[in-house]
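This report walks through a structure for a reader who is meeting it for the first time. Please keep the sequence and the model in view while reading.

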Amino acid sequence: MNPCSNNNSGGGGGGGGGGSANNDNGSGAGNQCTVREQDRFMPIANVIRIMRKVLPTHAKISDDAKETIQECVSEYISFITSEANERCQREQRKTITAEDVLWAMSKLGFDDYVEPLSVYLQRYREHEGDHRGSIRGEPIQLKRPAAVASEGGVDHSPAVGVYGLPQLQAAYHFPATEPHHHHHQQQQHQHFGFYGASATGGEMGGYYMGVYGDPETGSSQELVDNFDLYAHYK
Amino acid sequence: MRQAGIYSGMMWGKKPCPHSLPLSRIKKIMKKSGEDVKMISCEAPLVFAKACELFIQQLTVRSYKVSVQANKRTLQKDDIITAVKATDVFDFLMDMVSSASVAGDCMKPTRERTYGFMLKE
């Protein structure tokens, strides 16, 4: 890794606005490294947009808070990736997979994230599988296919083996057990989307009014402690 | 630019949702996390994009609760520091948020800890 390399590749893969104004805090003077700040952090506009989804409309965010959150996100990615990478090395694998990432999150205390992320990933794979199938004109099978020989064991992903297509990535599977898997399949149309599913500001207002404490009902410490990742599933 | 329709759009089988965070940037940060990070499956940044949303929102909610308790409407860095100290899973952020560094310094947080006293002279 060469920290002084000047990466000029466009950073905006997948809809995020890359390279927005991150350099306006004036503390870059005197650095011998030329790595672009844009490469180290998520675009601040995206970060702010995500924050605003859980803040009341009247809330303001100071500039140093925005930057702090930006830094925290990068630190989070590095933190999880290091753990996932260690696991890959222990198991003598070269590719960090989604399953490694989820495993690392669970190990490092973010196990609350694992289930919604698994649902998200499953849904994404099914969607990608549908898309691929329609292009190739093959029938779409939603049933779980026969077990495919893979690195870690039985692969629960419908995207593997449904069309008999060779998988380019290392095989991955979730530690979920079968009933767990079916549970998500059945409910996938009922709850999807974490915070983006809210259609109106009013709904969001209702959500975080409880989170930050309704003056009438008193403290909502429990709500914050149990930070409800499935808020829109109810 | 509303995002409300994105996830529900995906739910009904429309085109895949554009992610809130750029996958290529996530991949870069993953690669920088260690010298020996070799290959990354295409789904790993995808999982991170969603995970980072959850992370940002969890941290924001906890931090803003601190602001509210102090009768403020503005979420400030000190509120984030308080929230980080109060939450076990955020322990890995302790050194980074507590240091006097600001975004823009290209040195890694761990190096800032080591050389911070020199930079401040």
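A residue is called buried when its relative accessible area is under 20%, exposed when over 50%, and partly exposed in between, with a 1.4 Å probe and protein chains only. The model is predicted, so local features need pLDDT of at least 70 and side-chain atom pairs count only at pLDDT 80 or more, while totals for chains, interfaces and linings use all residues. Residues are numbered from 1 along each chain as its sequence is written, chains are lettered from A and ligands numbered from 1 in the order in which they are written, and side-chain values use heavy atoms, with hydrogens and water left out.

Helices (H or I, at least four residues) and strands (E, at least two) are DSSP runs, numbered from the N terminus. On that basis chain A has 8 helices and 2 strands, and along the sequence they follow the pattern α-α-β-α-β-α-α-α-α-α. Chain A contains 234 residues, of which 47% are buried. Contact, meaning heavy atoms within 4.5 Å, can also be sorted by sequence separation: among contacts in chain A between residues at least 6 apart, 56% join residues at least 24 apart.

In H2(A), the buried residues are A:Ile44, A:Asn46, A:Val47, A:Ile48, A:Ile50 and A:Met51. Their cover includes strand S1 (60–61) and H3 of chain A, as well as H3 and strand S2 (74–75) of chain B.

How do H2(A) and H3(B) cross, and at what angle? Their axes, which are lines fitted to C-alpha atoms over the stretch in contact, with angles from 0 to 180 degrees between N-to-C directions, come within 9 Å and cross at roughly 60 degrees. Angles under 35 degrees count as roughly parallel, over 145 as roughly antiparallel, 65 to 115 as roughly perpendicular and the rest as oblique; H2(A) and H3(B) are therefore oblique to each other. The contact is made by A:Val47, A:Ile50 and A:Met51 of H2(A) with B:Glu53, B:Ile56, B:Gln57 and B:Thr60 of H3(B).

**The nonpolar core**

A nonpolar core is a set of buried Ala, Val, Leu, Ile, Met, Phe, Trp, Tyr and Cys residues joined through side-chain atoms within 4.5 Å. The largest one has 60 residues, and those touching the most other members are A:Tyr76, A:Met105, A:Phe110, B:Phe48, B:Phe55 and B:Leu93. Elements of both chains give two or more residues to this core, including helix H3 (63–90) of chain A and helix H3 (43–69) of chain B. H3(B) supplies the largest share, 13 residues. Leaving aside residues up to four places away in sequence, B:Phe48 touches A:Tyr76, A:Ile77, A:Ile80, A:Thr81, A:Val101, A:Met105, B:Ile26 and B:Met30.

**Exposed residues**

Most residues other than glycine have a negative phi.

B:Ala86, which lies in helix H4 of chain B, counts as exposed at 63% relative accessibility. B:Ala86 and B:Arg62 are 24 residues apart in sequence and 9.1 Å apart in space, C-alpha to C-alpha.
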